[in-house]
Amino acid sequence: MAIIRELKVCLLGDTGVGKSSIVCRFVQDHFDHSISPTIGASFLTKTVPCGNELHKFLIWDTAGQERFHSLAPMYYRGSAAAVIVYDITKLDSFQTLKKWVKELKEHGPENIVVAIAGNKNDLGDIREVPMKEAKDFAESIAAIFIETSARNAVNVEELFQKISECLAASRPPRHAFLSKLPEYNKQCRQIPPLENPEGDSNESFKLTRQAPPSSRRCC
Ligand SMILES: Nc1nc2c(ncn2[C@@H]2O[C@H](COP(=O)(O)OP(=O)(O)OP(=O)(O)O)[C@@H](O)[C@H]2O)c(=O)[nH]1
């Protein structure tokens, strides 16, 4: 029987950058052009193989609208990894990403793995955030960096695979301090195995749901 590790992951970032779309692509391999903004948060799971283990992602997709900002600690607390998403066509969303990095450093779990995802890379012709700038920033905090397109299914699996590998790779640092976020990410952390795979179905729920007039979220 394969060992299953549960990995709590939260997605953070400005409204409209594509957090839900990334999760929807990853979990359901689906893209919805008229997806509604998240209200509160959504929860989904997906189990993927990693070496001779199974990694069950417990994914909290948070709402990017400012009015929900105060809820975020509930989701990043206890997370093994945070995916901070920006929209490559919106410079503002990259500034917001930097604020999230700061907040995680100050209030997040000590050894959280940070992944930076520049989404909507299918819209390269209207890009506002140069890839090099984002990559350099990610390197400066030793975060995972990847550009994705939820719409075209580009690098979404890879994003979670990188997180999975990072979390599987090494043990937690013995003396980790938040001021040393890069060191945490370099060393990553090991999540205790969960030996009972029973009830390992993919689950999802939303805390609250907005009722859009004519469209439905896909996840
Ligand atoms: N072109 C393109 N559009 C995308 C992509 N990902 C998401 N979108 C669109 O961007 C809009 C916002 O997507 P969401 O997934 O709802 O964004 P979000 O970050 O979850 O937004 P909040 O729930 O408000 O925090 C929707 O119209 C999506 O169809 C992408 O990779 N490429």
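This is a predicted model: local features need pLDDT of at least 70, side-chain atom pairs count only at pLDDT 80 or more; totals for chains, interfaces and linings use all residues.
Reader: How many residues surround the ligand, and which are the closest?
Author: The ligand is surrounded by 22 residues. The closest of these are G18, S21, P37, T38 and G64.

Reader: Which helix gives the most to the shell around the ligand?
Author: The helix in question spans residues 19-28 and supplies three shell residues. That helix is α1.

Reader: How is α1 oriented to helix α5?
Author: Helix α5 covers residues 156-169, and its axis lies 9 Å from that of α1. The two pack at an angle of about 85°. An angle of 65 to 115 degrees counts as roughly perpendicular. Therefore α1 is, relative to α5, roughly perpendicular.

Reader: Which residues make the contact?
Author: From α5 come V156, E157 and F160. By class, the contact of α1 with α5 has two charged, no polar and four nonpolar residues. On the α1 side, the contact residues are I22, R25 and F26.

Reader: What pattern does the protein follow along the sequence?
Author: The protein has eight strands and six helices. Read along the sequence, they give β-α-β-β-α-β-α-β-α-β-α-α-β-β.

Reader: What percentage of the contacts with a separation of 6 or more joins residues 24 or more positions apart?
Author: The protein has 219 residues, and 42% of them are buried. Among contacts with a separation of 6 or more, the share from residues 24 or more positions apart is 74%.

Notes: Residues are numbered from 1 along each chain as its sequence is written. A residue is near a molecule or strand if its C-beta atom, placed from the backbone, lies within 6 Å of it. Helices (H or I, at least four residues) and strands (E, at least two) are DSSP runs, numbered from the N terminus. A residue is buried if 20 or more other C-beta atoms lie within 10 Å of its own, exposed if 12 or fewer, and partly exposed in between; C-beta atoms are placed from the backbone. Two residues are in contact if their C-beta atoms, placed from the backbone, lie within 7 Å. Axes are lines fitted to C-alpha atoms, for helices over the stretch in contact, and angles run from 0 to 180 degrees between N-to-C directions. Angles under 35 degrees count as roughly parallel, over 145 as roughly antiparallel, 65 to 115 as roughly perpendicular and the rest as oblique. Ala, Val, Leu, Ile, Met, Phe, Trp, Tyr, Cys and Pro count as nonpolar, Asp, Glu, Lys and Arg as charged, and the others, Gly among them, as polar.
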